[in-house]
Structure formats: C-alpha cells, structure tokens
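Me: I would like to go through the terms used for this model one at a time, and to see what stands behind each of them.

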Amino acid sequence: MRRWSDLSEFEAFLDGGGMVEPGDAMPDEYRLPVFRFIELHANSELMGALTERDWIPMAPGVRRKQILMAKTQDELGHAHLLYMVAADMGIKSRDQMLEDLFAGRSRFHNVFHYQAVTYADQVAIAYLVDAGALINQQAVFKNCSYGPYKRILRRIVAEEGFHMRHGEEMVLRFAQGSPIQRAMFQEALDRWWWPTVHMFGPPSKPDDLLLRWHIKSDTNEVLRDRFVQKFVPLVQGYGFTVPDPDVRYDAEQGRWEIGEIDWEPLQATFENLGPDSSRRIETALAAWNQSAWVRDGLDQVAALHAASGDQAA
Amino acid sequence: MNDLAEAVRSAVASVDDPEYPGISIADLGLVSEVRVDGGGSVEVDLVPTFVGCPALELIRADVGRAVGAVSGVHTVEVRFVDRPLWTPERITGAGRAALAREFTVAVPLPGLSSGRCPRCGGSTDELSAFGPSPCRAIHRCPSCGEPVEVVRR
C-alpha cells in the first residue's frame, strides 16, 4: 500500500503522472470527490439505459431495435462496472448507491431529466448527447489519475465512438427524409440542444478539485466549446436550425459563438426537479423492484452452488 | 493475381473492430475466407462473434470500403457466414495481447469461462454473464480486485 505524507506530496505524485490504485492510502480529499464523480457516472449510465430501453418496442425496424438493445446492454454493463469501481472506494456499497438513486437522493446527468417525446428525440440524443458524453469522457480518460476508472473509460470511449457512428447515420436519414420527418427532427433538436450545451456543467471554478486531482483534464467551458465548434456547423450543414437566435460565426476569430446560457434548467436538474425527474426516478425504482425476483433467484442458485462446493457455475 | 490477392488480404486485415479501435478484425478471428478471381471480383467471408452483434453492418461496410479501394478490385461482396463458428480460440496471440494491454479484456482459458487477469495474471471469477456487449462477461480478479471483462464463448 502506497502512502503519501501530505497533500502536497500526493499532488506532486499526480502531477508527475502517477496513477492511484484502490489499495493505496489515498487522501480523503481525493477519495470523496473522485467517488462522487464515478457514482454520478454510474447513475447516469443506469438512467440512460432505462430510457433507451423504453424505445426498443417503438424503434422502426429490426435493425434499429437491435442497436437500441445493444446500447441498453452496453450502458447497463458500464453501470455495473462503474458501481464496482465506486463501491471499491469504500464510501458507499453498491446497494446504498442504488437505494440513494431510487430515493432521489443522488444525482445523475442533466440530460436524463427530460422526456424523449418521439423517436426523433431518441436520435437527437444518440447524436448530440452521446457526442457530448464522448467529449467529456475522452477528456477524463486522457488525464485520469484513478487506475480502475481509467481502464474502464478506455472501453467506454471505444464503445461510445461506435454509438456515435449510428447516431450520425440516423441523423442523415432524417436529413434526407420527407418534410414531416425533417420537421420531426427539428422539434427534437429544439428540445435537446440546450440540455446538451448544459451537459458540460456550469463554468468551472478555479479551485475545481477534479481538475486538481487529474480526473478532469479541461475546464467545463473548454469541453463545451469543443462541442459547439463541431456541432453548430454539422447541424446547420444538415439543413437544421440551431435553436439559439444569437448563434453566429465570428469570421475574424474563425469560431462559432452561441448566445447567453440560461443556467436555471440545469440547476433544477441538480435538485432532481427537472421536467421529467420524478417520473424517471419512479420508473427506475419500479424496474428495480420488478426485477427483485431475478436477483433473489440468482442469490439462491449461488448459495446452492457454494453449499455443494461447485465452482463450475 | 497473387499480388492482388495479397493486397486484398492486407486490406481486409487493416480493418479495425469498431469496438476495439487499433485491433484488427483479422486478429479477432473474424476473417474466414477471402476469394479473389482474375477479373477482380472479391468475396470476403466473415465469422460473427455473436449473431446479434450490433457492429456487423459497420464491419461489413468498413471491409467493403477497404477492399474496394485496392487497385484492380472491381466488385466486393462481404458476407457473414454461419460456419465455422466463432470461438475465442480464433483470436490470435497479437489480438490477445492487445485486448489485455489496451482494453483490460481477457480471453477465456481453454474449456473455461474464466480468463487470466490482464493486471496480475490471476484467474478471474465471473460476476455476470451480461457485460457491456453480448460478447463479454463481467468478472473480477480475486487476487488484485480488478474488474475484468472476459470474452464469452
């Protein structure tokens, strides 16, 4: 077990590219914010999977359903892995984290506090929100000082990149579709643009611990800007309108500027008071309760195998 | 003719798996047969890891594009075949090493569902057969505690 005599020695270790592992005597000033960040990520994967699941029966055609099933499994798998890593930090057990989430005491990403109204919303999410998530996750992966999290992010980033390709393909279908289909996607874009802009978080504070501890590698503004510079021209290029009357291209600077951001809706999601927060949390709790018999059954099977000394199961 | 066949084979092998950027589909054992005739018609037979794999259409498109770009190739047909069956034993040594090193993903030991932990070499315990993709289960290494994903048979 590695130990550091004080915070400045620990910080020098991180600044030198050091990686922290679960067995290390990491300072609590590190352990707590890193745990919270991973717990938030795990909660968001789980809440995202449940939304995606809702659209499987409604997705048009077998292939779209197959992709949604794969994404649902993918996100549940990520949640499972992330809850393991979070629980190993010794602050909350996995059951406590789930209990807190279903009781509305925990946080999950703002984008899962809104309702997906039509299948076009699902596509807007696959296109914009998955891209935003990928930008965030790539930045965390780049500089992540917590070993088990970095190793899981490596796989998550690869899989999100693969989801992105599907989102792009679907947006192209809408862009080439009938006027009704195009209008449908525009409405979805109107609903999801600002939540995606919010997704990068409020402006970073200068003393952001996650930056100091090498979890984040860029400020929230830098990440948001990366999204804006890429997606404003892409969305416009497909012939859709960015729902921001002040969006403009600054030819002198060679960059896109967006209008002022209203932070109120984001703040509401932090308190689980977003437009769809309570329904989402209730749905998640109901899903958890409805699947209790599966967990009970698996526990009983595991107990039987343990009693008979059967390792093959 | 042999040069063309060689060029086509290396074009196929240059395609990475969409879920493992940097690892070739050839190293994952997805390539069954590549046939090239004198007229530049190419048929590529690929073996899916799992029938429900969501990446199949992307892989098909990527292989079609890579082979189509080889000079002398006129038509490309990429098919997923149901024989031979894919097993983890088809993954090459280079593929195994890259999965372990880059992705902390283990390949199961012969006849078992467990693999060797890419971190410490310990034998993994399965926690759930359902990992983030149909082809991977979630394990934990009891020796070092690492969550490990193990390729499923």
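This is a predicted model: local features need pLDDT of at least 70, side-chain atom pairs count only at pLDDT 80 or more; totals for chains, interfaces and linings use all residues.

Me: Why is H2(A) called roughly antiparallel to H3(A)?
Reply: Helix H2 (residues 28-54) of chain A and helix H3 (residues 62-87) of chain A pack at about 160°, with axes 8 Å apart; helices here are DSSP runs of H or I with at least four residues, and strands runs of E with at least two, numbered from the N terminus. The axes are lines fitted to C-alpha atoms, for helices over the stretch in contact, and angles run from 0 to 180 degrees between N-to-C directions. Angles under 35 degrees count as roughly parallel, over 145 as roughly antiparallel, 65 to 115 as roughly perpendicular and the rest as oblique, so H2(A) is roughly antiparallel to H3(A).

Me: What makes H5(A) and H9(A) oblique to each other?
Reply: The axes of helix H5 (residues 119-143) of chain A and helix H9 (residues 220-237) of chain A come within 10 Å and cross at roughly 135°, and the pair is therefore oblique.

Me: Which residues of H5(A) and H9(A) meet, and what classes do they belong to?
Reply: Among them are Leu128(A) and Ile135(A) in H5(A), and Phe227(A) and Phe231(A) in H9(A), where contact requires C-beta atoms, placed from the backbone, to lie within 7 Å. The residues of this contact divide into seven nonpolar, two polar and one charged; Ala, Val, Leu, Ile, Met, Phe, Trp, Tyr, Cys and Pro count as nonpolar, Asp, Glu, Lys and Arg as charged, and the others, Gly among them, as polar.

Me: How many helices and strands does chain B have, and how many of its residues touch chain A?
Reply: Chain B has three helices and nine strands, and 21 of its residues are in contact with 23 residues of chain A. The largest share of that side of chain B, five residues, comes from S7(B), and by class the side holds twelve nonpolar, six polar and three charged residues.

Definitions and conventions:
Residues are numbered from 1 along each chain as its sequence is written. Chains are lettered from A and ligands numbered from 1 in the order in which they are written. Two residues are in contact if their C-beta atoms, placed from the backbone, lie within 7 Å.
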